[in-house]
Amino acid sequence: MSLALGCIADDYTGASDLANTLTRAGLRTVQTIGVPGPDLDLPGIDAVVVSLKSRSIPADQAVARAREADAWLRARGAGHVLFKVCSTFDSTDAGNIGPVTDALRADAGATIALVTPAFPETGRTVFQGHLFVGAVPLHESPLKDHPLNPMRDSNLVRVLARQSRHPVGLVDLATVAKGPASVRARLDALAAEGKGAAIADAVFDADLAVLGAACLSDPVSTGASGLGLGLAQALVASGRVQAASAAEGLGAPVGGPAACLAGSCSQATLGQIAMAEAVMPVRRLDPERLLAGPEEAQDALAWAAERIGSGPVLIASSASPEAVTVLQARHGREAAGHAIEAALAGIAEGLVARGVRRLVVAGGETSGAVVDALGLTAFRVGPEIAPGVPVLGTVRGDMRLALKSGNFGGPTFFSDALALMQ
Ligand SMILES: Nc1ncnc2c1ncn2[C@@H]1O[C@H](COP(=O)(O)OP(=O)(O)OP(=O)(O)O)[C@@H](O)[C@H]1O
Ligand SMILES: O=C(O)[C@@H](O)C(=O)CO
């Protein structure tokens, strides 16, 4: 196995998003859960996306896990490693985007790392270093109410600098518009000034292709799936990768009962749950009771067991920002979040024990908890359900999953996903 591209994602849905994007761009891609063991052989694979659940853990732990993944990828031929973060730059001033980028760059002996979360097809653009979500700057978007990482500053040069040991520069859109050589010259100039990272503007997909071409020769970059797209395009254009026709099939259908779990409290997910109520049984968990003991989860499993033989069900802890705030005030943001993740993961185990083989999960942290609880290690990438969300097939071939980022997917996402997860 000699990888053309190595990727380290800070959460599982983000990893799926990137794996989907790379597959669409022609790279034969596998998403692993955690750092694989030494014996995982993946012949004919161009890219591996190592999924970590490190977005909201202490920075030193995130750095250690990323460095372990980086070593595994480079030992298998990866000359460039992309640290994949959220397209809305989900993080706090304590990290983890800055500390991980600093560490990977130091390990690789790189002078600077290009950083951009831009992903225009999902409405994420960067201009003069400011991140926009659709038509509004980040700090005016729903991400300002994120339960774990509320984003209240749109200026990413400032945000990243607060997390990093080194100064941060800017590659502005006018430079990007002049092409890869102009971007390369700007990066080299910033490195000469002592900058360790540079936020790069990108407003259109063409800008991503320029950035990918400009930074592929560096050993490290940091970004969202948009930068992954640019890197993949550069690999195909350079001849390093012969583009695969379409995503190779996931093999025979798995069939069996299906279920959906939602821990995301994003506006998009709340709307998707409401739409699902018209087409499948939906159980909305009582978060206070969920935190109080096992009874709420046990009752939800009993409810599901009575229904999954007739069709898919949806179980959600998701709530409005106001309700989330009240619960967090009582129990603590981190404590409430992680306890609910664990409860949903336990419900997922119970559903699989009752025969569920097709599982849709909404939320990055929630997906991480579920996949870890199920002990899943690697996925092949199948058809795209919605931008950023593919069907995943376990390498063992016995399950189909969809791990949905909270903000992704259209109003009928849950039924759209189940229709493709055979
Ligand atoms: N009713 C609730 N009250 C408070 N917190 C909740 C509630 N339901 C879920 N949570 C927590 O909110 C957090 C949601 O994070 P998660 O990453 O799963 O979704 P997301 O942020 O919308 O998705 P993404 O990270 O992909 O953008 C989790 O920690 C989850 O446990
Ligand atoms: O980039 C995104 O927005 C998503 O892939 C994500 O990070 C989900 O957590």
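Trainee: How far does a polar side-chain atom of S405 lie from an oxygen atom of ligand 1?
Mentor: Here the pair is one polar side-chain atom of S405 and one oxygen of ligand 1. A polar contact is a pair of N or O atoms within 3.5 Å. For S405 the distance is 3.4 Å.

Trainee: Before we go on, what kind of model is this?
Mentor: Residues are numbered from 1 along each chain as its sequence is written, while chains are lettered from A and ligands numbered from 1 in the order written. Side-chain values use heavy atoms, without hydrogens and water, local features need pLDDT of at least 70 and side-chain atom pairs 80 or more, totals for chains, interfaces and linings use all residues, and the model is predicted.

Trainee: Which residue has a polar side-chain atom 2.6 Å from an oxygen atom of ligand 1?
Mentor: Ligand 1 has 25 residues around it, and H146, S264, G337, E341 and T366 come nearest (a heavy atom within 4 Å counts as near). G406 uses a polar backbone atom, 3.0 Å from a ligand 1 oxygen. The side chain at 2.6 Å belongs to H146.

Trainee: Around ligand 2, which residue has a polar side-chain atom 2.8 Å from an oxygen atom of the ligand?
Mentor: The surroundings of ligand 2 include D11, T13, D17, R55, K84 and S405. D11 has a polar side-chain atom 2.7 Å from a ligand 2 oxygen, and for D17 the distance is 2.6 Å. The 2.8 Å contact comes from R55.

Trainee: Which helix gives the largest share of the lining of the largest pocket?
Mentor: The largest pocket is lined by 50 residues, and H146, P147, G263, S264 and C265 lie nearest its centre. On a 1 Å grid, a pocket is an open set of points where a 1.4 Å probe fits, with protein on both sides within 12 Å along at least five of seven lines; lining residues have an atom within 4 Å of a point. Helices 1, 10, 12, 13 and 14 each give two or more residues (helices are DSSP H or I runs of at least four residues). The largest share, seven residues, is from helix 12.

Trainee: How many charged residues does that lining have?
Mentor: Domain 1 (5–238) and domain 2 (258–420) each supply at least three lining residues, with bounds from an automatic or database assignment. By class, the lining has 17 nonpolar and 20 polar residues. Asp, Glu, Lys and Arg count as charged, and their number here is 13.

Note on methods
A polar contact is a pair of N or O atoms within 3.5 Å; within protein, one must be able to donate a hydrogen and the other to accept it, and residues adjacent in sequence count only if both atoms are side-chain atoms.
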